[in-house]
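Subject: Structure for your review

Dear colleague,

Please find the structure below, together with its sequence. My notes on it follow.

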Amino acid sequence: MAIERTFSIIKPDATARNLTGAINAIIEKAGLRIVAQKRIQMTRAQAETFYAVHKSRPFFGELVDFMISAPVVVQVLQGEGAIAKYRDVMGATDPSKAADGTIRKVHAKSIGENSVHGSDAAETAAIEIAQFFSGNEIVG
Ligand code: CMP
């Protein structure tokens, strides 16, 4: 399987509970390498751009408000089949449906406050990474 990069966000509910290290431990144990990482306060404009695909969904306003409610940690993860692997490691969007041992099963609070985001495909991974990182910030 090819070496891929995927984009990850450790969301406000997790940074507020000091879970960055605990989540990173799960990521690294799964064999994914954190090749870029920074803690930022997302602006409303950044969050609206990032989640533009969900603009017409009823939860869009709530989602943007949540994403700017506290700092987030944005990351690039690298590894074999990293996009699908990270989605497995995160677990289902709704933590009540997530498999045992996944980040969302262990740490997420609700479908909205679900601790982490991960890209869903190679094209979106490239777009999401480019929104937050320049090439020289990613060191594999
Ligand atoms: P994420 O993987 O970041 O992509 C879109 C996000 O929208 C998703 O995780 C959830 O946090 C959020 N989301 C999806 N469905 C709902 C919902 N029904 N109510 C609130 N937030 C939602």
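How many residues does the largest nonpolar core have, and which of them have the most contacts inside it? The core has 21 residues, and those with the most contacts inside it are Phe7, Ile9, Met42, Met67, Val74, Phe132 and Phe133.

On provenance, this is a predicted model in which local features need pLDDT of at least 70 and side-chain atom pairs count only at pLDDT 80 or more, while totals for chains, interfaces and linings use all residues. Residues are numbered from 1 along each chain as its sequence is written, and side-chain values use heavy atoms, with hydrogens and water left out.

A nonpolar core here is a set of buried Ala, Val, Leu, Ile, Met, Phe, Trp, Tyr and Cys residues joined through side-chain atoms within 4.5 Å. Buried means under 20% relative accessible area, exposed over 50%, and partly exposed in between (1.4 Å probe, protein chains only).

Helices (H or I, at least four residues) and strands (E, at least two) are DSSP runs numbered from the N terminus. Helix α4 gives the largest share, five residues. Apart from this core lies another, of 14 residues, including Leu19, Ile23, Val73 and Val89.

Methionine 67 lies in α4 and counts as buried because its relative accessibility is 0%. Leaving aside neighbours within four places in sequence, Met67 is in contact (heavy atoms within 4.5 Å) with Ile9, Lys11, Pro12, Met42, Ala47, Tyr51 and Val72.

Phe7, Phe50, Tyr51 and Phe132 form one aromatic cluster. Rings of Phe, Tyr and Trp (its six-membered ring) pair if their centres lie within 6.5 Å; planes under 30 degrees apart count as stacked, over 60 as edge-to-face and the rest as tilted. By this rule there are four aromatic pairs. Phe7 and Phe50 form a tilted one, with 5.7 Å centre to centre and 55° between the planes. Phe7 lies in strand β1 and Phe50 in helix α3, so the pair ties together parts 43 residues apart in sequence. Both residues are buried.

Turning to the ligand, a polar side-chain atom of Tyr51 lies 2.5 Å from one of the ligand's oxygen atoms. A polar side-chain atom of Asn114 lies 3.3 Å from an oxygen atom of the ligand.

With kind regards

Conventions
Polar contact = N/O pair within 3.5 Å; in protein donor to acceptor, adjacent residues only side chain to side chain.
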